[in-house]
Amino acid sequence: MSEPNGFYAANMRAVPTGDLIRPNRKTNGVGVQAEDTRICVVMVGLPARGKSLIAQKVVRYLHWLSIKAKTFNVGQYRRTATPNPSAEFFDTSNPEGERLRRAAAEAAVNDMCKWFSEGKGLIAILDATNSTKTRRRWIQERCTAENIETLFVESKCDDEDLIMSNILEVKTTSPDYVGQDPEAAAADFRNRIRNYEKVYQTIDEDERDLTYVKLIDVGKQVIINQIQDYLQSRVVYYLMNLHIKPRSIWLSRHGESMYNLSGKIGGDADISERGEAYAHALPGLVAKSVGDGRKLTVWTSTLKRTIQTARFLPFEKLEWKALDELDSGVCDGLTYAEIEQKYPEDFAQRDEDKYNYRYLGGESYRDVVIRLEPIIMELERSENILIVTHQAILRCIYAYFMNVPQEQSPWMEVPLHTLIKLTPKAYSTQEVRLKADIPAVSTWRGKGTKAEHQEADGTTSTPTTSG
């Protein structure tokens with residue numbers, strides 16, 4: 001099955017020219033001058049509405065696009081003075097709790113303003129409930145005085161199932177409840193929510209001078225007001241594609257290919273005999289990892305090795321041109337030894353700056369990130385997706401979910417015949433790897449080393465793919 005017609009942008013394949021593209025260091029990666037815009041994204045909402053998860057996702061997305069961003073979590077500042085508070089701490093009739101919470105907010109905002117003034121980034125996320133009009137107006141006035149734009153993002157949710165799911169996650173992952181009995185933690189957290197509900201004020205008409213986005217019931221309704229510029233629009237576009245329902249994403253490379261065996265890069269090779277064995281084993285790995293019999297949608301590239309690998313999976317399948325392997329241009333079909341011999345300067349330049357290096361007539365990792373953005377948007381909208389694709393593509397997708405720095409992502413090891421399960425949480429992304437008991441060549445090499453096969457027994461042979 002081919003891609004949906006609605007995703008024409010993801011179908012576009014960039015084939016730029018030139019051997020090495022080094023980005024303009026004065027820009028943030030999307031062509032916006034660093035001194036032009038500074039934005040504070042202010043989270044708003046009751047506890048258990050996914051604010052920290054949204055904040056984490058926004059920062060991760062911006063980093064992936066080469067836009068410097070940072071989260072300032074008021075709860076972390078508050079924990080310095082009150083590491084494990086009970087629900088009573090958050091009662092508005094508790095003056096000491098109110099004083100400490102205000103002090104934590106002021107410390108977070110002060111540090112954020114300092115971070116901006118030192119030129120360390122373009123977008124900050126102020127992660128807190130910010131549940132009253134008075135608190136939001138104070139933040140807006142403070143930011144205006146510092147020449148910082150504000151974008152308020154309210155997560156408003158009355159879905160009891162989702163709220164309960166978030167409460168269950170908080171009791172096991174929140175720093176406030178480390179080492180505590182899970183049921184006692186959940187009960188205390190419910191009481192904390194009730195205390196906030198007493199004073200909570202949603203963003204409404206008397207704040208229409210503010211720039212804001214309201215995400216209602218996990219994106220079922222989105223209200224947008226007074227969006228000012230390109231970067232704000234970029235953040236809003238991303239927010240409109242988010243959902244905060246619990247879910248996992250599964251990633252796998254194709255089975256070992258004939259090009260993997262011969263050490264050639266690129267191409268449209270068939271899978272090898274061992275790759276065929278992995279294709280037969282993959283449904284069992286998926287069933288073991290998914291565990292509850294739910295259905296997945298399988299995404300592959302348009303290249304034979306991914307389609308062949310996924311063909312025994314009993315799920316709907318979609319082919320995406322955007323998931324095709326990094327285009328190696330004139331080096332397509334060559335081994336690394338041949339590339340080093342024919343293009344020695346390019347071989348060295350790629351080692352020096354692998355993320356930005358662009359193959360002659362081909363692509364860089366930076367180019368791949370640009371063409372993968374529609375894939376990321378669709379992933380954030382979707383549930384229960386298994387992606388079977390290629391090494392460089394999985395490095396970029398994995399780097400997005402795990403917030404891996406760009407200079408490191410092209411060197412990550414993503415082994416063949418391995419299923420990776422990623423589960424986004426409020427404070428991190430959990431990872432589980434299931435490796436099939438099927439040998440395969442290693443296609444990974446470290447920076448500055450020769451690319452050689454690493455067979456299952458540890459021996460080496462001819463140079464191999466690095467992606």
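**Conventions.** A cavity is a set of points, on a 1 Å grid over the protein atoms alone, where a 1.4 Å probe fits but cannot get out, and lining residues have an atom within 4 Å of a point. Grid points are joined across faces, edges and corners, and a volume is the space filled by probe spheres set on the points. The model is predicted: local features need pLDDT of at least 70, side-chain atom pairs count only at pLDDT 80 or more, and totals for chains, interfaces and linings use all residues. Residues are numbered from 1 along each chain as its sequence is written, and side-chain values use heavy atoms, with hydrogens and water left out.

**Figure 1. Overview of the protein.** The fold has 15 helices and 12 strands; helices (H or I, at least four residues) and strands (E, at least two) are DSSP runs, numbered from the N terminus. Of the 467 residues, 57% are buried, where buried means under 20% relative accessible area, exposed over 50%, and partly exposed in between (1.4 Å probe, protein chains only). Contact is defined as heavy atoms within 4.5 Å. Among contacts between residues at least 6 apart in sequence, 72% join residues at least 24 apart.

Figure 2. Two cavities of 30 Å³ or more are found in a search of the whole structure.

Figure 3. S155 belongs to strand β4 (residues 149-156) and is buried, at 5% relative accessibility. A polar atom of the S155 side chain lies 2.6 Å from the backbone oxygen of R49. This is a polar contact, that is, a pair of N or O atoms within 3.5 Å; within protein, one must be able to donate a hydrogen and the other to accept it, and residues adjacent in sequence count only if both atoms are side-chain atoms. Beyond four places in sequence, S155 touches V44, G45, R49, K51, I54, L215 and I244.

**Figure 4. The largest pocket.** A pocket is an open set of grid points with protein on both sides within 12 Å along at least five of seven lines. The largest pocket has a volume of about 980 Å³. It is lined by 49 residues, of which P47, K51, A128, T129 and Y196 are the closest to its centre. Two or more lining residues come from each of α2 (51-64), α3, α4, α5 (133-145), α6 (160-173), α7 and β11. The lining comprises 18 nonpolar, 15 polar and 16 charged residues.

Figure 5. In α3 (residues 74-81), V74, G75, R78 and R79 are buried. Viewed down the helix axis, the buried residues fall within an arc of 140°, so they line one face of α3; the arc is that of the directions from the helix axis to the C-beta atoms. Q76 and T80, on the other side of α3, are exposed. The buried residues pack against β2 (69-73), α4 (95-117), β3 (123-127) and α7 (182-199). At the N-terminal end, N73 caps α3, with a side-chain oxygen 2.9 Å from the backbone nitrogen of G75.

**Figure 6. P83 in the loop between α3 and α4.** P83 is partly exposed, its relative accessible area being 45%. Not counting residues up to four places away in sequence, P83 touches R78, P175 and D176. The C-alpha atoms of P83 and Y177 are separated by 9.2 Å, although these residues are 94 apart along the chain.

**Figure 7. Two loop residues with positive phi.** Most residues other than glycine have a negative phi. A48, in the loop between β1 (39-44) and α2, has a positive phi near 70° and is buried at 10% relative accessibility. Q226 also has a positive phi, of about 60°. The Q226 site is in the loop between β6 (221-225) and α8 (230-240), and Q226 is partly exposed, with a relative accessible area of 40%.

**Figure 8. S409 in the loop between α15 (391-402) and β11 (418-424).** S409 is buried, with a relative accessible area of 3%. Its contacts, leaving aside neighbours within four places in sequence, are with Y355, R395, A399 and V404.

How values were computed
Ala, Val, Leu, Ile, Met, Phe, Trp, Tyr, Cys and Pro count as nonpolar, Asp, Glu, Lys and Arg as charged, and the others, Gly among them, as polar.
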